[in-house]
Number of protein chains: 2
Amino acid sequence: MRDTHPFKVLRCDSVSTNEFEDQVVVEEPLEVRVNNHSIGITMRTPGDDFDLAVGLLRTEGIIQRFEEVGTVAYCPDEQDANLRNVVNVTLVDSRRSVHASRVRWATSSCGLCGEAPLESIRRNVRPLQCSMSVGREVVSCLPGRMREHQSNFNRTGGIHAACLFDASGRLLLIREDLGRHNAVDKVLGAALRSAIKTTESVLMVSARLGFEIVQKGLMAGVPVIASVSAPSSLAIALAREFGLTAVGFVRDGSMNIYSHPERIVHAL
Amino acid sequence: MRDTHPFKVLRCDSVSTNEFEDQVVVEEPLEVRVNNHSIGITMRTPGDDFDLAVGLLRTEGIIQRFEEVGTVAYCPDEQDANLRNVVNVTLVDSRRSVHASRVRWATSSCGLCGEAPLESIRRNVRPLQCSMSVGREVVSCLPGRMREHQSNFNRTGGIHAACLFDASGRLLLIREDLGRHNAVDKVLGAALRSAIKTTESVLMVSARLGFEIVQKGLMAGVPVIASVSAPSSLAIALAREFGLTAVGFVRDGSMNIYSHPERIVHAL
């Protein structure tokens, strides 16, 4: 089973703190090749990778019928024989050239050429050196404050928010978007434009805490990211290595701290 | 206000059907250019576009400080002067070349060169001609059946599912992934590999109904897509034009039908 992974987590509520083992969904890059040419990378949960590769070829309009497919197989990784993150699909018409000319925002995770997900980040990001701390009771209040300021959620029910708060829980900025990554980019861009120090802020997101969210926070030097929802395995690994405090499931007065709990302090 | 848009919707529960006007979150492509060279496209909700552009440059590691930015401005669209979907950022160091070499899955929406989002789809997809119908009471049951079969959700709380059901509500396939687009690609790929007819199936997703989900469904000829959550404006526009039935907010015995309601029948 590679689709979930156990992590040691601190579960806190208003009266207690307990360490327990949380099952976290695994996130890893999958590169898909057609006739041995890379056509794209997606961050996915391992499992059913051949379905995913064939499905992508179908939904990208590269194949219409399964009869067009010759073989589907993992490519061996020279560094790590156990790594199964590249799938090659051969087409029956092997001379067909397949273009993936459409470019979209990619993450630093997507090291082509078999680069491990964290490698390219290691080159670009220095571990956080930040002594900021924030009260546990402050973190507990953030989802409610975010929701109060979400102008569009109540009208549409389908939009994400990202907020920056200071250590006392005061809202500094909020931005909304149907894409959770966009909401984070908007709020970090707004901070840069208005000279708000992200290095002394808590980033609160309405969405799951995936790898890209943590990566974006790290690029902007944010020391604490909190979410109402679950983190991914790669998000936790990234946060632990680079000194970022990742807090998930901030709900109903409790929270799970997945990395660097020293920044979340208990006032009582 | 361009961030939400009204759509006429059929709201159904077990006893009644009412037309009402729903506010839907707007989804449109934003192309970001640096020194007039395109570096990527993201599907976003219009608004705070300069924050988004600057934020992306920051989180992609292209800039560290706002002082590196010269100007931020919309590029005029030659076809439609009101369209503000391209932002150009000039850097103070205008000779700096910026690469966006990382390629990831893109949608057909992302017509570079100012192509409208639906144009490239019009070239690749034919409108659905499918007489399949499904009972309203069947659709109501699908979220519960999906949840029963989600092996990982209860353990992690952070994984999406996509299912194919037949018209009687029988589960044909289920796939899970932390990425909702991956879950859809997995289930459609699995259908192709196991010769399950997507053209006679209902695709049920645990996630919001964005443009890309509807696009993927259309590429596989799926006639009905249902979601527990909200659709985007572009998802509805795409579904309406190409003859796909889009159903959102399937919860607690009621649902909103956003397009082609003729496939959702009332047994009573």
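Guide: Gladly! Let us start with a definition: two strands pair if DSSP finds at least two bridges between them. Helices (H or I, at least four residues) and strands (E, at least two) are DSSP runs, numbered from the N terminus. This is a predicted model, in which local features need pLDDT of at least 70 and side-chain atom pairs count only at pLDDT 80 or more, while totals for chains, interfaces and linings use all residues. Residues are numbered from 1 along each chain as its sequence is written, chains are lettered from A and ligands numbered from 1 in the order in which they are written, and side-chain values use heavy atoms, leaving out hydrogens and water.

Now to the sheet in chain B. Its 8 strands follow the order E2-E1-E13-E12-E11-E10-E8-E9, forming an open sheet with mixed pairing. At the edges stand strand E2 (17–25) and strand E9 (171–177) of chain B; each has a single partner strand, so one side of each lacks a neighbour in the sheet. From one strand to the next, the twist averages 25 degrees; axes here are lines fitted to C-alpha atoms, for helices over the stretch in contact, and angles run from 0 to 180 degrees between N-to-C directions.

Within this sheet, strand E10 (residues 202–205) and strand E11 (residues 224–227) of chain B run parallel and are joined by 4 bridges.

Next come two helices that lie across strands of chain B, where contact means heavy atoms within 4.5 Å. Helix H5 (residues 180–193) of chain B lies across strand E8 (160–165), E9 and E10, and runs at about 140 degrees to E9(B). Helix H7 (residues 233–242) of chain B, in turn, lies across strand E1 (4–12), E2 and strand E12 (245–251), at about 60 degrees to E1(B).
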